[in-house]
Amino acid sequence: AAAPTPSGGTPAGRADANDVVGVRLSRDSGGLFRLVLKRAESGEVYIGALLPSDSGDGRALLREGEVVAAIDGLTAGAAGFEGLLAHVKAAEQSILLEVRRRRQPQEEGGAALAHALGRLGLGQEAAAGVASAAVERGIDPAAAAGLAENLHRKGEEMKLGWQNAATQIGGWWRDRTEAAQEKIEAIKQAAGPALRETSEEVGHTLQQMREEVALKAEGVLHRVAPPPARPGDPPPPPRTPPSRPLCVA
């Protein structure tokens, strides 16, 4: 027979001791659900009997003695035993009966393994598939779940370690950068007056050199240039080109 399908309560993959299993019951040809509900001394409502029915519903998936969690979403705690009976009698063609079913040890281990694999980042369907395969192959799911939890814990510790290391490196780099910037500013401040003095000295020296060059150039011009002509002086003799010796062939 197919496994009952959870219709609410515990999410798939959660390692709880009980699952909520939902099965839809239908009225038979006589208009009856063929369901007997009873109340325990603790106040819980449970299935007292499931009588044969020609409705073809899923009653074969239910077990006598299972505690009723809800009928069509109406819980025993909210409606009480009498309220649930009245709801069943007033229902039209079908009801959704949800019961709490305690898992077998292997099922509990498989669910714990699926939950642990989900914490490692595996998808819900993939985690459930791995857990189911582990149970079918006889692998102790509880031990596998413990290993998965350890891996998750180690992963979280490594992640935290990397975050702390990144924070420390960032702080170290920030401190060194600020210290270097402070040293650069101090050098600028200390070198500023010296640079200004050096610039002034260089400017003064260049001015002196320009003046000396101008004086020397003026003296050279005085020595090379002829004296200016005075009124009454004879004109200077014409300049004749130098003679060339005659060549006799």
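Author: Happy to. Among contacts in the chain between residues at least 6 apart in sequence, 62% join residues at least 24 apart, where contact means heavy atoms within 4.5 Å. This is a predicted model, in which local features need pLDDT of at least 70 and side-chain atom pairs count only at pLDDT 80 or more, while totals for chains, interfaces and linings use all residues. Residues are numbered from 1 along each chain as its sequence is written, and side-chain values use heavy atoms, with hydrogens and water left out.

For orientation, the chain has four helices and six strands, and from the N terminus on they run β-β-β-β-β-α-β-α-α-α. Helices (H or I, at least four residues) and strands (E, at least two) are DSSP runs, numbered from the N terminus. Of the 249 residues, 22% count as buried; buried means under 20% relative accessible area, exposed over 50%, and partly exposed in between, with a 1.4 Å probe and protein chains only.

Now to your arginine. Arginine 59 lies in the loop between strand 3 (45–50) and strand 4. Its relative accessible area is 11%, so arginine 59 is buried. Two backbone oxygens face polar atoms of its side chain: that of arginine 34 lies 3.1 Å from one such atom, and that of leucine 51 also lies 3.1 Å from a polar atom of this side chain. For reference, a polar contact is a pair of N or O atoms within 3.5 Å; within protein, one must be able to donate a hydrogen and the other to accept it, and residues adjacent in sequence count only if both atoms are side-chain atoms. Leaving aside neighbours within four places in sequence, arginine 59 is in contact with Val23, Leu25, Ser26, Phe33, Arg34, Leu50, Leu51 and Ser53.

Arginine 34 sits in the loop between strand 1 (18–26) and strand 2. Arginine 34 has a positive phi of about 55° although it is not a glycine. With 31% relative accessibility, arginine 34 counts as partly exposed.

Strand 2 (residues 35–39) includes another arginine, arginine 39. This residue is partly exposed, because its relative accessibility is 49%. Not counting residues up to four places away in sequence, arginine 39 touches Glu44, Tyr46, Phe81 and Glu82. Arginine 39 and glutamate 82 are 43 residues apart in sequence, and their C-alpha atoms are 9.6 Å apart in space.

Strand 4 pairs with strand 5 (residues 74–75) in the antiparallel sense over two bridges; two strands pair if DSSP finds at least two bridges between them. Isoleucine 71 stands opposite leucine 74 in strand 5. The two strands form a hairpin with two residues between them, and aspartate 72 in the turn has a positive phi of about 55°. At a relative accessible area of 36%, aspartate 72 is partly exposed.
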